[in-house]
Amino acid sequence: MEADLSCAICHDLYKDPVLIDCDHSFCRSCITRYWEKAGTTSCPVCRKETSSMDLRPNRTLSNVVETFVSSDKGGEIQQECSRHKEKLKVFCKTDNQPICVICQISKSHQNHEVLPVEEATEELKEELQNLLKPILDKKKECDAVKSDYEKTLTHIQDQGVNTEKQITAEFEKLHQFLREEERIVLEDLNLEKEKKSQEMKERIEKITEEISSLSITVRDIEQELSEQDNIKFLTKIQDLQKRVKRTLPEPQKVYPLINVGKYIGSLQYRVWKKMLTVINTAPVTFDPNTAHPDLLLSEDLRNVRNTGKRQQLPDNPERFDPGPCVLGSEGFTSGKHSWEVEVGNKTRWDVGVAKESSNRKGKIYLSPGNGYWTMSLSEGNKYRACEKSPKLLELSVKPRKIRVCLDYEGGKVSFYNSDNKSHIYTFTATFTEKLYPYFSPGTTDGGKNTEPLKICPRTVTIQEDEGFIPSSK
């Protein structure tokens, strides 16, 4: 059995056996070395030339060898050479296997690098020990990543639940608004219906009385027409003529119909127009996935403040850290856009735009070269345009609201004081990638700068035949 499971080249049990074209099997390393030395691809057993050097793994033979080694006959670790029955005292580094001293001087291991098994064991254990540290480091790194993934999974599930609740609440507000509007319109319709129905009932009652009176007059006329006594007829005719004249005027026709157009005509437009007073018309909102862990966003994603307390959030690539910053949820690759930020009495803040690929980890240097076009406030009164060399801005009026205007094709980012409509500063550049609104409420400044930054709702005006036009004011 052992002979049948031995390689014809090394005469040891097969190690990684492969098949060649003639269906003979050899150890992969043995046949490769044989062909290299012989300079031919013939089979060592039948001498048949092999058309292809592709070596097909002989998995069946490999499994049989494994079974043999693990059986009662071969279950114990081999301590002597199966060919020469000598103790395995030498380790062949070339073939990566223990051999006996006779194998060492045989042609099979000629010019191979060999060591005593003790030295080989010591050397290989040292190599294995050196391999252990990077593996342990890698395992530690993988454990940390797994922990982050598990926390991220929990965060995703929490995000889903909370966002679903908020969506439901927002739609409920709209549903409630629409239900209330429906109630008001239907109530007005019912009031008009009752009023005009009552008016028609009164008119029907009145005309019914008039019909009754006319019926009596008709009866009297018919009676007089049948009168045979001429004197008697002529005596009554004058009074009858007067009665007839009083009934002859045309009845006044009035149809107080419901003004359907008042309720149905442009109903959606009128409701939508009124809805503008209750919906969020902020042109941009914050993206929670980019917010530094110290930043707390409002539920409607329009307010942000620095709490100074770190939240447990995933350290995803989009998130700023350690800079207390956040981006808008929508980016722009064309067009003109503007948004207004309420800065109030804060002592520190940054606002502007950032390109999508700008660095968000480590210390952030606000400059166009780093993908940021911003202006900032520090120390309560120092305004700067964040150019490569920050430019100090002299402002006569402290702005409480800043309007940021982006002209993508025009290559401009401009800042204005919304309070007095005065221009503050304009960057010029050529934009080639998506730009996002950029915000930073700054550090807490020892508790003096905890007021939030707020994205202001947009003023909306309605003009005849033009729909709604977002105001640029």
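Glu123 counts as partly exposed, at 29% relative accessibility. Partly exposed is the range between buried, under 20% relative accessible area, and exposed, over 50% (1.4 Å probe, protein chains only). The model is predicted: local features need pLDDT of at least 70, side-chain atom pairs count only at pLDDT 80 or more, and totals for chains, interfaces and linings use all residues. Residues are numbered from 1 along each chain as its sequence is written, and side-chain values use heavy atoms, with hydrogens and water left out.

Glu123 has a charged partner. It forms a salt bridge with Lys93, and the closest N and O atoms are 2.6 Å apart. A salt bridge here is a side-chain nitrogen of Lys or Arg within 4 Å of a carboxyl oxygen of Asp or Glu. Glu123 lies in helix H4, while Lys93 sits in the loop between strand E4 (90–92) and strand E5 (97–99), so the pair ties together parts that are 30 residues apart in sequence. Helices (H or I, at least four residues) and strands (E, at least two) are DSSP runs, numbered from the N terminus. Lys93 is also partly exposed, at 28% relative accessibility.

Lys139 and Asp143 meet at 3.1 Å, N to O. Both lie in helix H4, 4 residues apart, about one turn of the helix. Lys139 is partly exposed at 48%, and Asp143 is partly exposed at 40%. Glu180 forms a salt bridge with Arg183, with the closest N and O atoms 2.6 Å apart. This pair also lies in helix H4, 3 residues apart, about one turn of the helix. Shared partners in salt bridges join Lys93, Glu113 and Glu123 into one network. The count comes to 21 salt bridges.

Next comes Asp12, in the segment before strand E1 (17–19). Asp12 is buried yet has no salt bridge; the nearest side chain of opposite charge, Lys15, is 4.6 Å away. Lys and Arg count as positive and Asp and Glu as negative; His and the chain ends are not counted. Leaving aside neighbours within four places in sequence, Asp12 is in contact (heavy atoms within 4.5 Å) with Leu5, Ser6, Cys7, Ser82 and Gln97.

Last, back to helix H4, which spans residues 117–225 and holds Leu128. Leu128 is exposed, with a relative accessible area of 57%.
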